[in-house]
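Here is a short tour for anyone opening this structure for the first time. Have the sequence and the 3D view ready, and follow along.

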Amino acid sequence: MKNKKRLLSGNRPTGLLHLGNYIGALQNWVKLQDEYECFYMVADWHALTSEYQDTSELAHYVEQMFIDWLAVGLDPERSTLFVQSDVIQHAELTLLLGMFTPLAWLERCPTYKEQLQQLGHKEIATYGFLGYPVLQTADIVIYRAEVVPIGEDQIPHLELAREIVRRVNYYYGKGNPILPEPQPILSPVPKLLGIDGRKMSKSYENCIYLSDSQETVSAKVRQMVTDPARVRRTDKGHPNVCSVFDYHKVFTPERVEEIEQECRTAGIGCVECKKILAQSLNTLMEPFREKRHKLQAHPERIKEIALAGGERARQVAEETMKDVRKALKLFLK
Ligand code: TRP
Ligand code: SF4
């Protein structure tokens with residue numbers, strides 16, 4: 001139990017969690033609980049950096065994220081599950097780290113440049129949005145987390161976090177580093193695409209949500225794009241260009257060779273093939289649904305878990321902040 005390395009990761013509550021989130025991250029987070037002392041955070045302040053104009057759904061998504069997390073097996077007995085805004089120390093550390101983060105580091109961050117172009121209409125040319133990676137750095141280092149499971153897109157943020165940590169240690173930790181440099185853990189699984197073959201994303205309306213019912217899942221699978229050259233039942237298929245087949249590789253691994261063969265020889269039709277996939281997905285998701293239903297019957301339990309996680313997170317964060325304030329030689333500290 002002792003001497004486990006600390007791990008932190010987070011997710012922005014800007015929508016409901018989907019199968020892509022599960023395959024790309026959550027599934028791995030659940031496993032990592034055995035090996036690490038895990039802190040999993042609902043990054044509600046990070047959600048605000050781009051969604052500040054309309055916060056009407058924010059609290060709802062935070063709650064739903066907790067439910068999804070618990071439903072898939074994040075375990076509040078072993079891991080600290082908490083909400084970012086419940087640990088105000090993150091804000092204090094963000095402010096301090098901002099003092100020695102050069103603007104140029106933030107301005108050249110690829111996620112910043114891309115988002116600014118893509119979401120220009122949302123007016124995100126703000127101080128808060130530019131500082132997104134500084135807040136993310138604070139999230140990580142305030143727990144002295146050594147490892148951070150993330151997707152490829154977050155690599156620049158982690159690199160920035162490491163640069164900021166090096167500066168802190170150089171200025172204030174002479175010979176005695178105050179904070180560890182965090183390392184990324186990349187998820188071992190490939191990205192799951194949406195039902196239309198594009199990246200799975202709320203804005204494309206192509207997601208299968210973890211909270212979808214059995215019927216909804218089956219209906220969405222029926223809409224999935226298949227080999228466009230396979231028009232008639234008797235046409236031979238090309239599984240390599242079919243997203244249903246990509247899903248089978250992930251969700252029906254035990255039958256994937258058979259399906260490939262049957263598709264190539266027109267032994268199986270797309271309707272049947274999709275039925276098999278819907279079944280695989282529903283088999284995976286059924287235990288999540290059961291857990292979700294149980295939790296929803298006791299909404300106060302969800303809040304209790306979040307509050308207890310926040311309490312624990314604050315203790316650890318406050319310990320680090322004591323060291324940081326002292327290292328910076330702030331008056332009265
Ligand atoms: N920026 C991350 C994302 O969009 C979410 C996040 C916030 C995070 N704080 C974090 C991830 C700290 C890892 C560590 O996915
Ligand atoms: Fe895709 Fe299955 Fe149809 Fe082949 S049979 S094209 S794998 S849906």
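## Ground rules

Let's start with exposure: a residue is buried when its relative accessible area is under 20%, exposed when that is over 50%, and partly exposed in between (1.4 Å probe, protein chains only). Glu-37, for example, counts as partly exposed because its relative accessibility is 22%.

This is a predicted model, where local features need pLDDT of at least 70 and side-chain atom pairs count only at pLDDT 80 or more, while totals for chains, interfaces and linings use all residues. Residues are numbered from 1 along each chain as its sequence is written, chains are lettered from A and ligands numbered from 1 in the order in which they are written, and side-chain values use heavy atoms, with hydrogens and water left out.

## Two domains

The protein splits into domain 1 (6-192 + 299-327) and domain 2 (212-293), with bounds that come from an automatic or database domain assignment. Their C-alpha centres are 35 Å apart.

How much area do the two domains bury between them? About 880 Å², with 72% of it on carbon and sulfur atoms; buried area here is the accessible area (1.4 Å probe) that two parts lose on being put together, summed over both. On the domain 1 side, Leu-19, Ala-71 and Leu-192 lose the most area to domain 2, together 49% of what that side buries.

## Where the domains touch

Counting contact as heavy atoms within 4.5 Å, 10 residues of domain 1 meet 9 residues of domain 2. There is 1 salt bridge between the domains, meaning a side-chain nitrogen of Lys or Arg within 4 Å of a carboxyl oxygen of Asp or Glu. Asp-68 and Arg-292 pair up in a salt bridge, at 2.8 Å from N to O.

Two elements give two or more residues to the side of domain 1 that touches domain 2: helix 1 (19-32) and helix 3 (58-72). Helices (H or I, at least four residues) and strands (E, at least two) are DSSP runs, numbered from the N terminus. Helix 3 gives the most, with 6 residues.

## Tucked inside

Now for some buried spots. Thr-80 sits in strand 3 (residues 80-83) and counts as buried because its relative accessibility is 9%. Leaving aside residues up to four places away in sequence, Thr-80 touches Cys-38, Phe-39, Tyr-40, Gly-309, Arg-312 and Ala-313.

Helix 2 (residues 44-51) has buried residues too: Asp-44, His-46, Ala-47, Thr-49 and Ser-50. They pack against strand 2 (37-42), helix 3, strand 3, helix 7 (127-130) and helix 8 (132-141).

## Charged pairs

How many salt bridges turn up in the whole structure? The search finds 23. One of them joins the side chains of Glu-37 and Arg-6 (3.2 Å, N to O), with Glu-37 in strand 2 and Arg-6 in strand 1 (residues 6-11), 31 residues apart. Another pairs Asp-34 with Arg-78, whose closest N and O atoms are 2.7 Å apart; this pair links two loops, one between helix 1 and strand 2, the other between helix 3 and strand 3, 44 residues apart. Asp-34 is exposed at 54% relative accessibility, whereas Arg-78 is partly exposed at 38%.

Glu-181 and Arg-166 also meet in a salt bridge (3.2 Å, N to O). Glu-181 lies in the loop between helix 9 (155-172) and strand 5 (183-186) and Arg-166 in helix 9, so the pair ties together parts 15 residues apart in sequence.
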